[in-house]
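Student: Could you take me closely through the part of this model where the ligand is held, with the database annotations set beside the computed contacts?

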Amino acid sequence: MAATRTFSIIKPDATRRNLTGAVTKMLEEAGLRVVASKRVLLSKEQAEGFYAVHKERPFFNDLVSFMTSGPVVVQVLEGENAVQRNRDIMGATNPANADAGTIRKELAESIEANSVHGSDSEENAAIEIAYFFKPEEIVG
Ligand code: UDP
């Protein structure tokens, strides 16, 4: 099967605790290759735009505040079945429900501060990658 790509964010709770390397190691050990990466501080507008699909949800404002509370690392990951592979290593949204060995179970703080974002479909992966990266910034 050909390699595909997905989009990942190492969230502010993880960068704050100096876990960028720990998260990346778990991604790499799951068979994903980091083909683009940058550390950025999201603006309110960027975070609102990225999570626009959630704008009617009760947690939206808190989520935007959290995602702008410190640096994030945005990444493009490549591998076989990258979207699902990344979702599997991330674990459930709420770390309390996540399987042992997943990033969220091992590292996350709470349902909000859950250390990582990962695209939920190939279609969204393409949209999310384009939201943060120019084609020439991705080096496979
Ligand atoms: N989130 C939250 N409260 C909730 C559900 C979600 O704060 O009750 C946050 C959490 O950071 C999550 C993000 O909103 O990762 C996006 O939610 P989604 O349901 O898309 O979960 P994911 O795909 O990240 O597992």
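Tutor: UniProt positions are given here in the numbering used for this model, with shortened feature names, and such annotations may be inferred rather than shown by experiment. The model is predicted, so local features need pLDDT of at least 70 and side-chain atom pairs count only at pLDDT 80 or more, whereas totals for chains, interfaces and linings use all residues. Residues are numbered from 1 along each chain as its sequence is written, and side-chain values use heavy atoms, without hydrogens or water.

Under "binding site", an unreviewed UniProt entry lists Lys11, Phe59, Arg87, Thr93, Arg104 and Asn114.

Around the ligand are Lys11, His54, Phe59, Leu63, Arg87, Thr93, Arg104, Ile111, Glu112 and Asn114, each with a heavy atom within 4 Å. This shell comprises three nonpolar, three polar and four charged residues, with Asp, Glu, Lys and Arg counted as charged.

Among the polar contacts (N or O pairs within 3.5 Å), a ligand oxygen lies 3.1 Å from a side-chain N or O atom of His54, one lies 2.9 Å from a polar backbone atom of Glu112, and one lies 2.9 Å from a side-chain N or O atom of Asn114.

How values were computed:
Polar contact = N/O pair within 3.5 Å; in protein donor to acceptor, adjacent residues only side chain to side chain.
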